Amino acid sequence: VNTGLIEWTPTEQQIGPNTLVTVRAANVAGSDDQSFGIDVSGIIPQISSIPATTATAGEPYSYNVDANGTPEPTYELIVSPNNMTIDVNTGLIEWTPTEQQIGPNIPVTVRAANIAGSDDQSFGIDVSGIIPQISSIPATTATAGVPYSYDVDANGTPEPTYELIVSPNNMTIDVNTGLIEWIPEPNQIGDVNVIVEASNIVSFDTCLLYTSPSPRDRTRSRMP
C-alpha cells in the first residue's frame, strides 16, 4: 500500500489471456486509476525421462514417461507398434512384443502436452527373442532292428526348429517337433555319436548324445 509493489503467484486455474487488474493511487487531493490485463501462460512440457530401448518377445515391457510442465501434461503415443498402450495421465507405457515384432529399432514417439504446448520424444526399441535351450534328456541305448525314438524338447522364442548335425545313416528328425526316429542296422552296433541342434533367429543350442545299439536278443525259450 505504501510502495505500490504488486506481487502475485498465478495458479493453474488462472491461466489465460487478459486477467483484468485495476490499481488506484490516491491521496487527499484525489486519485488515479490504472487498468490493464495480464496474460497468464503455462509452462510448456519437457520430457526428462530416458526411454528403455530393449525388449524381449513375449515378456512385458514398460517405460514411465516423465515430463514437467504447468498445467500437468497429458500423454499420447504418436507412433507406436501394435498393442502398445500409454496411460494418458501418468505416462506409463506398457507393451508385450510378439514374435512377429522381433527386430531392431521399432519406432516409438510419445507426446506430453498441455495448453501451453507440447514436447515429443522419439526412440527405437530393439526386440530380441529368447535363445533356445534343450532341456530334454536323450535316450542313449538302442537295439539293432528295433525302432529307437527320442523327442528333443527345447524352449525359446520364436519356437525353435531342429536339425541333426551329426547322425548315423537312416536317422531322421522332425524339423518342427524335434522327434528323432531310427532303426539301427546290425552294422551300426557300437557307440554312435549324435549331435542335435535347436535354433531360431536369435541363436542355437546343441546337444551331444551317444547311442549304443546292442544286438537284438534272439534267445527263445524251449519246452521241457
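The model is predicted: local features need pLDDT of at least 70 and side-chain atom pairs count only at pLDDT 80 or more, whereas totals for chains, interfaces and linings use all residues. Residues are numbered from 1 along each chain as its sequence is written, and side-chain values use heavy atoms, with hydrogens and water left out.

Strands (E, at least two residues) and helices (H or I, at least four) are DSSP runs numbered from the N terminus. Ile201 is classed as exposed because its relative accessibility is 64%; the term denotes over 50% relative accessible area, buried denotes under 20%, and partly exposed lies in between (1.4 Å probe, protein chains only).

An open sheet of 4 strands shows mixed pairing in the order β4-β11-β10-β7. Its edge strands, β4 (54–56) and β7 (74–79), each pair on one side only. From one strand to the next, the twist averages 35°, with axes taken as lines fitted to C-alpha atoms (for helices, over the stretch in contact) and angles running from 0 to 180 degrees between N-to-C directions. Strands β4 and β11 run parallel and are joined by 3 bridges; two strands are taken to pair if DSSP finds at least two bridges between them. Thr56 is placed opposite Ser128 of β11.

Phe123 also belongs to strand β11 (residues 117–128). With a relative accessibility of 11%, Phe123 is therefore assigned as buried. Beyond its neighbours within four places in sequence, Phe123 contacts Pro51, Ala52, Tyr61, Tyr63, Ile106, Pro107, Val108 and Val110, a contact being defined by heavy atoms within 4.5 Å. Val108 is 15 residues from Phe123 along the chain, and the C-alpha atoms of these two residues are 5.5 Å apart.

Strand β18 (residues 179–182) presents Ile180 and Trp182 on a covered face, with Leu179 and Glu181 on an uncovered one. Its pairing with β14 (residues 148–151) is antiparallel and extends over 4 bridges; Trp182 in β18 is the bridge partner of Tyr148. Strand β17 (residues 172–173) likewise pairs with β18 in the antiparallel sense, over 2 bridges, and Ile173 stands opposite Ile180 of β18. In the hairpin formed by β17 and β18, 5 residues separate the strands, and Gly178 adopts a positive phi near 85°.

The structure contains 2 salt bridges, the criterion being a side-chain nitrogen of Lys or Arg within 4 Å of a carboxyl oxygen of Asp or Glu. One links Arg24 to Asp33, with the closest N and O atoms 2.6 Å apart. Arg24 is exposed at 58% relative accessibility, whereas Asp33 is partly exposed at 38%. The other links Arg111 to Asp120, where the closest N and O atoms are separated by 2.7 Å. Arg111 is partly exposed at 28% relative accessibility, and Asp120 is partly exposed with a relative accessible area of 38%.
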